[in-house]
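This report describes the fold of a protein chain and then turns to selected loop residues. Please consult the sequence and the coordinates alongside the text.

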Amino acid sequence: MPATLEQINDFFTRNSWRRFSVDGEVAYFDPERQVVISDIHRGNLILMEDGLLAPIDLRVQSLSGAMLDYVLKACR
């Protein structure tokens, strides 16, 4: 079953990811690893019976330079 948007947000924020939005699209940033996960929507995260989320087709990107600066500002 697809996870709800609330379940998705709770999962990421409980695990120290910072939520931000660009052009209406939600993404999460891990400041420790300087990684962004995007394409976050209900169809890409399945809620398993044990309560964990299984990713289907997320985009994971390591950031540096201007992209990192942009995301740091977006997370404020």
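Read along the sequence, the protein chain follows the pattern α-β-β-β-β-β-β-α, which amounts to 2 helices and 6 strands. Helices (H or I, at least four residues) and strands (E, at least two) are DSSP runs, numbered from the N terminus. With a radius of gyration of 12 Å, close to the 11 Å that the globule rule gives for 76 residues, the protein chain is as compact as a globular protein of that length. The radius is taken over C-alpha atoms, and the rule is 2.2 Å times the number of residues to the power 0.38.

The model is predicted: local features need pLDDT of at least 70, side-chain atom pairs count only at pLDDT 80 or more, and totals for chains, interfaces and linings use all residues. Residues are numbered from 1 along each chain as its sequence is written, and side-chain values use heavy atoms, with hydrogens and water left out.

**Whole-chain properties**

The C-alpha trace spans about 40 × 25 × 20 Å along its principal axes. Buried residues account for 30% of the 76 residues; buried means under 20% relative accessible area, exposed over 50%, and partly exposed in between (1.4 Å probe, protein chains only). The accessible surface, from the Shrake-Rupley method with a 1.4 Å probe, comes to about 5300 Å², and carbon and sulfur atoms contribute 50% of that area. Of the contacts (heavy atoms within 4.5 Å) between residues at least 6 apart in sequence, 41% join residues at least 24 apart. The chain carries 8 positive and 11 negative charges, whose mean positions are 7 Å apart. Lys and Arg count as positive and Asp and Glu as negative, while His and the chain ends are not counted; each charge is placed at NZ of Lys, CZ of Arg, CG of Asp or CD of Glu.

**The loop between β3 and β4**

Asn-44 lies in the loop between β3 (35-38) and β4 (45-47). Its side chain reaches the backbone oxygen of Asp-57 at 3.2 Å, a polar contact (a pair of N or O atoms within 3.5 Å, one able to donate a hydrogen and the other to accept it; residues adjacent in sequence count only if both atoms are side-chain atoms). Leaving aside neighbours within four places in sequence, Asn-44 is in contact with Asp-39, Ala-54, Pro-55, Ile-56, Asp-57 and Leu-58.

Arg-42 is found in the loop between β3 and β4 as well. A polar atom of the Arg-42 side chain lies 2.9 Å from the backbone oxygen of Ala-3. Not counting residues up to four places away in sequence, Arg-42 touches Pro-2, Ala-3, Thr-4, Leu-5 and Ile-8. The C-alpha atoms of Arg-42 and Thr-4 are separated by 6.2 Å, although these residues are 38 apart along the chain.

**Other loop residues**

Glu-32 is located in the loop between β2 (25-30) and β3. Glu-32 and Trp-17, 15 residues apart in sequence, are 9.1 Å apart in space, C-alpha to C-alpha. Gln-34 also has its place in the loop between β2 and β3, and has a positive phi of about 55° although it is not a glycine. Ser-16, in the loop between α1 (5-14) and β1 (18-22), is likewise not a glycine and has a positive phi of about 70°.

| Residue | Relative accessibility and class |
|---|---|
| Asn-44 | 6%, buried |
| Gln-34 | 32%, partly exposed |
| Arg-42 | 39%, partly exposed |
| Ser-16 | 55%, exposed |
| Glu-32 | 70%, exposed |
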